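User: I'd like to learn how to read a model like this one feature by feature. Could we go through it together?

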Amino acid sequence: MTRYATLLGTGGYLPETVLTNEQISQTVETTDEWIMERTGIRERRIAGKHETASSMAEIASRQALEAAGLRPDELDLIIVGTGTPDRVFPSTACLLQHRLEITHCASFDVQAACSGFIFALSIADQYIRAGTARHVLVVGSEMNSRLVDWSDRSTCVLFGDGAGAVVLGVSDEPGLLSTHIHSDGQYQDLLYVPNPAASHPEEETASRYLKMQGNEVFKVAVNTLGRIVDETLEENGLEKADVDWLVPHQANIRIITATAKKLKMSMDQVVVTVERQGNTSSASIPLALNEAIRDGRIKRGQTVLMEAFGGGFAWGSALLRY
Ligand SMILES: CC(C)(COP(=O)(O)OP(=O)(O)OC[C@H]1O[C@@H](n2cnc3c(N)ncnc32)[C@H](O)[C@@H]1OP(=O)(O)O)[C@@H](O)C(=O)NCCC(=O)NCCS
């Protein structure tokens with residue numbers, strides 16, 4: 001029997017506090033018009049003091065488990081994509097496992113910046129296809145508000161906090177049709193976050209905040225995402241018209257629109273959350289997927305293309321028959 005990973009349930013969590021462009025424009029020199037025109041973002045959510053990547057992940061995960069009809073102790077594996085772990089170690093996945101009050105399954109994090117969820121999904125897919133795991137929890141959870149320099153207008157307007165989760169099971173029907181992941185470290189200086197914890201004590205740590213050359217990232221992102229769409233369709237012998245839904249990483253509406261255009265898709269077939277959530281890095285795809293499944297847009301049997309791009313650069317895609 002061919003084994004496929006199948007999507008059993010989804011969940012999502014957004015912190016309560018909304019931060020609008022209007023509010024940001026009172027602290028740095030920017031306007032709602034500039035942010036909307038260049039990014040499509042109107043507001044984002046900001047986590048409370050008491051919250052962490054693992055606490056947000058727990059809420060999204062419990063929701064996904066409930067939708068899947070599974071108890072936490074039925075999980076074989078937990079993989080968390082995050083660039084904002086609670087601690088350098090142990091992994092956020094271990095902390096999440098403890099929050100779920102289970103002790104046996106393996107739990108680890110994947111660091112692939114904004115592509116963390118797609119990389120985690122790809123790993124989960126391999127475990128399920130190999131017959132090594134039956135139930136896998138895959139999470140993207142991000143506390144971006146603590147990574148950005150709130151006095152830097154070129155980055156602080158872009159990001160938000162949140163968590164999304166999916167539970168995968170095994171089936172002889174597809175399922176995840178394929179996943180594709182790639183990296184290229186030559187672009188490491190275009191988008192990165194320094195790690196003060198790993199600096200030599202005598203080394204001057206200029207800043208702990210996220211740094212980005214936005215226009216350079218933009219150009220590479222648009223080209224790379226065009227290529228990954230072709231790669232995914234070719235591998236599955238599918239045409240553009242066979243894709244029912246695009247669930248893209250939500251970094252910038254202009255990048256999303258360019259990918260939809262490449263697929264000749266109308267924006268009605270694209271799940272867009274960036275206006276209300278900003279860029280939630282590895283949480284953005286599972287959050288968007290959860291929203292469109294719960295509101296009934298994505299239906300059983302439909303074909304869903306997910307794609308992401310982020311620091312590294314690291315990028316990837318997953319094609320799902322839901
Ligand atoms: C960040 C981004 C919105 C900036 O838009 P852009 O059109 O490339 O703008 P630039 O960076 O070239 O800056 C143009 C001008 O706007 C200014 N600017 C930057 N941020 C601004 C803000 N929030 N408000 C007003 N002006 C701003 C710059 O200082 C610059 O001014 P100058 O011409 O006087 O030097 C865009 O590059 C982008 O979205 N890049 C991709 C980022 C991304 O998705 N990263 C995550 C990948 S996962």
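**Reading the model, one feature at a time**

Analyst: Let's start with a spot in a loop: Pro90 is found in the loop between strand E4 (77-81) and H4. Keep in mind as we go that this is a predicted model.

User: Which peptide bond there is cis?

Analyst: To read a peptide bond, look at omega. Here the bond from Phe89 to Pro90 is cis, and its omega is near 0 degrees. There's another one to look up: the peptide bond from Pro174 to Gly175 is also cis, with omega near 0 degrees. Gly175 sits in the loop between E7 and strand E8 (176-183).

User: H4 keeps coming up. How do I read its packing with H3, and at roughly what angle do the axes cross?

Analyst: Compare the two axes: how far apart they come, and how they are turned. The axes of helix H3 (residues 53-68) and helix H4 (residues 92-99) come within 9 Å, with a crossing of roughly 55 degrees. Angles under 35 degrees count as roughly parallel and 65 to 115 as roughly perpendicular. H3 and H4 are therefore oblique to each other. Their crossing is right-handed.

User: Which residues in H3 and H4 meet?

Analyst: On the H3 side, look for Ala53, Ser54, Ala57, Glu58 and Ser61; in H4 they meet Thr92, Leu95, Leu96 and Arg99. Sorted by class, the residues of this contact come out as 4 nonpolar, 3 polar and 2 charged.

User: Let me try the next pair. Are H7 and H8 roughly parallel or roughly antiparallel to each other?

Analyst: H7 and helix H8 (residues 253-262) pack at about 30 degrees, and their axes are 10 Å apart. The cut-off for roughly parallel is under 35 degrees. H7 and H8 are therefore roughly parallel to each other. The crossing of H7 and H8 is right-handed. From H7, the residues Phe218, Ala221, Val222, Leu225, Gly226 and Val229 meet Ile255, Ala258, Thr259 and Lys262 in H8. That contact has 7 nonpolar, 2 polar and 1 charged residues by class.

User: Now zooming out, how is the chain divided?

Analyst: The chain splits into domain 1 (4-173) and domain 2 (177-321). Their centres, taken over C-alpha atoms, are 14 Å apart. Domain 1 puts 45 residues into the contact, and domain 2 puts in 42 residues. On the side of domain 1 that touches domain 2, two or more residues each come from strand E1 (4-13), strand E3 (43-46), helix H5 (116-130), strand E6 (136-143), H6 and strand E7 (161-171). H5 gives the most to that side, with 7 residues. By class, that side of domain 1 has 18 nonpolar, 19 polar and 8 charged residues.

User: Last one: how many residues surround the ligand, and why does the shell lie between the domains?

Analyst: With a ligand, list the shell and then ask which parts of the chain supply it. There are 20 residues around the ligand, and the closest are Thr30, Gly214, Asn215, Phe218 and Ala251. At least two shell residues come from each of helix H2 (32-39), helix H6 (153-156), helix H7 (214-236) and strand E12 (303-310). H7 gives the most, with 5 residues. The shell counts 10 nonpolar, 8 polar and 2 charged residues. As for the why: domain 1 and domain 2 both give residues to the shell around the ligand, so it lies between them.

Notes:
Residues numbered from 1 in each chain as written. Predicted model: local features only at pLDDT ≥ 70, side-chain atom pairs only at ≥ 80, totals over all residues. Near = placed C-beta within 6 Å. Helix = DSSP H or I, 4+ residues; strand = E, 2+ residues; numbered from the N terminus. Nonpolar A, V, L, I, M, F, W, Y, C, P; charged D, E, K, R; others polar. Domains from an automatic or database assignment. Axes fitted to C-alpha atoms, helices over the stretch in contact; angles between N-to-C directions. Parallel < 35°, antiparallel > 145°, perpendicular 65-115°, else oblique. Left-handed = near helix turned anticlockwise from the far one by under 90°. Contact = placed C-beta atoms within 7 Å.
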